[in-house]
Amino acid sequence: MTLPEVWLRGPLPGIPALLQPVAHVLLQAVEEVQAATAVLRDEQLWQRPAGLASPGFHLKHMSGVIDRMCTYARGLSLSEAQFAALKAEGEEDGATVTSLVQKFRETVDATLEQLAATDEKTLADYRAVGRKALPSTVIGLLVHAAEHTQRHLGQLLVTVRVITAGT
């Protein structure tokens, strides 16, 4: 039986009503990442057909963006480890398809916990982003985490399809 998309399965328990769409988008991304990468072999992870970003980059970047946006949403600055991870998103590091998909899933799970703990009254609260302290809000950061993930998910799906077309 094929399930409907996550947003059509009803409210997620414990997630505030205004953050349901963020949770739905992230959970949908997990399902699509798992399905798309099921055919991807480790030796294909860093291929860049036609100069496109590699599947490995997209997987690391999606996890990284979600982590960084959630950090800012909590009112915190990025750590040195987060800056190092950002810098290394496009680099091969011995990771496997399984390990990167697992990391993505763990990042989404941590985000769902953060969403569940977020008071809806704080969604319009100001949050500074980056070294330039650009203005955003809690909800702006959480929505950006979801939409940016979807943007890279689309690119990942196309790239994986191109890479695995002949296999």
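Helices and strands are taken as DSSP runs, numbered from the N terminus. On that basis, Ala50 falls in the loop between H1 and H2. The model is predicted.

Two residues stand out by backbone geometry. Most residues other than glycine have a negative phi. Ala50 has a phi near 55°, a positive value in a residue other than glycine. The relative accessibility of Ala50 is 85%. Ala50 therefore counts as exposed, the cut-off being over 50%. Ala133 also has a positive phi, of about 50°, although it is not a glycine. Ala133 sits in the loop between S1 and strand S2, which spans 134-137. Its relative accessibility is 37%, so Ala133 counts as partly exposed.

The loop between H1 and H2 also holds Trp46 and Glu43. Trp46 is buried, because its relative accessibility of 14% lies under the 20% cut-off. Beyond residues up to four places away in sequence, Trp46 touches Ser54, Gly56, Phe57, Lys60, Glu89, Gly90, Glu91 and Glu92. Gly56 is ten residues from Trp46 in sequence, and their C-alpha atoms are 5.5 Å apart. Glu43 is exposed, at a relative accessible area of 56%. The side chain of Glu43 makes a polar contact with the side chain of Arg41, at 2.7 Å. The C-alpha atoms of Glu43 and Val97 are separated by 9.1 Å. Along the chain, Glu43 and Val97 are 54 residues apart.

Helix packing was examined next. Two packed helices are described by the angle between their axes and the distance between the axes. Helix H1 covers residues 20-37, and helix H5 covers residues 138-164. H1 and H5 pack at an angle of about 20°, with their axes 9 Å apart. Angles under 35 degrees count as roughly parallel, so H1 is roughly parallel to H5. The crossing of H1 and H5 is left-handed. On the H1 side, the contact is formed by Val22, Val25, Leu26, Ala29, Glu32, Val33 and Ala36. These meet Leu142, Val143, Ala145, Ala146, Thr149, Gln150, Leu153, Leu156, Leu157 and Val160 in H5. By class, the contact of H1 with H5 has 14 nonpolar, two polar and one charged residues.

Helix H2, residues 55-73, also packs with H5. The angle between H2 and H5 is about 175°, and their axes are 9 Å apart. Angles over 145 degrees count as roughly antiparallel, so H2 is roughly antiparallel to H5. The contact of H2 with H5 has 18 nonpolar and eight polar residues, and no charged ones.

A further loop contains Thr118. This loop runs between helix H4 (97-117) and strand S1 (126-129). Thr118 counts as buried, because its relative accessibility is 13%. The side chain of Thr118 reaches the backbone oxygen of Gln114 at 2.6 Å. Not counting residues up to four places away in sequence, Thr118 touches Pro16, Leu19, Leu123 and Val138.

Definitions and conventions
Residues are numbered from 1 along each chain as its sequence is written. This is a predicted model: local features need pLDDT of at least 70, side-chain atom pairs count only at pLDDT 80 or more; totals for chains, interfaces and linings use all residues. Side-chain values use heavy atoms; hydrogens and water are left out. Axes are lines fitted to C-alpha atoms, for helices over the stretch in contact, and angles run from 0 to 180 degrees between N-to-C directions. Helices (H or I, at least four residues) and strands (E, at least two) are DSSP runs, numbered from the N terminus. Angles under 35 degrees count as roughly parallel, over 145 as roughly antiparallel, 65 to 115 as roughly perpendicular and the rest as oblique. A crossing is left-handed if the near helix is turned anticlockwise from the far one by less than a right angle, and right-handed if clockwise. Contact means heavy atoms within 4.5 Å. Ala, Val, Leu, Ile, Met, Phe, Trp, Tyr, Cys and Pro count as nonpolar, Asp, Glu, Lys and Arg as charged, and the others, Gly among them, as polar. Buried means under 20% relative accessible area, exposed over 50%, partly exposed in between (1.4 Å probe, protein chains only). A polar contact is a pair of N or O atoms within 3.5 Å; within protein, one must be able to donate a hydrogen and the other to accept it, and residues adjacent in sequence count only if both atoms are side-chain atoms.
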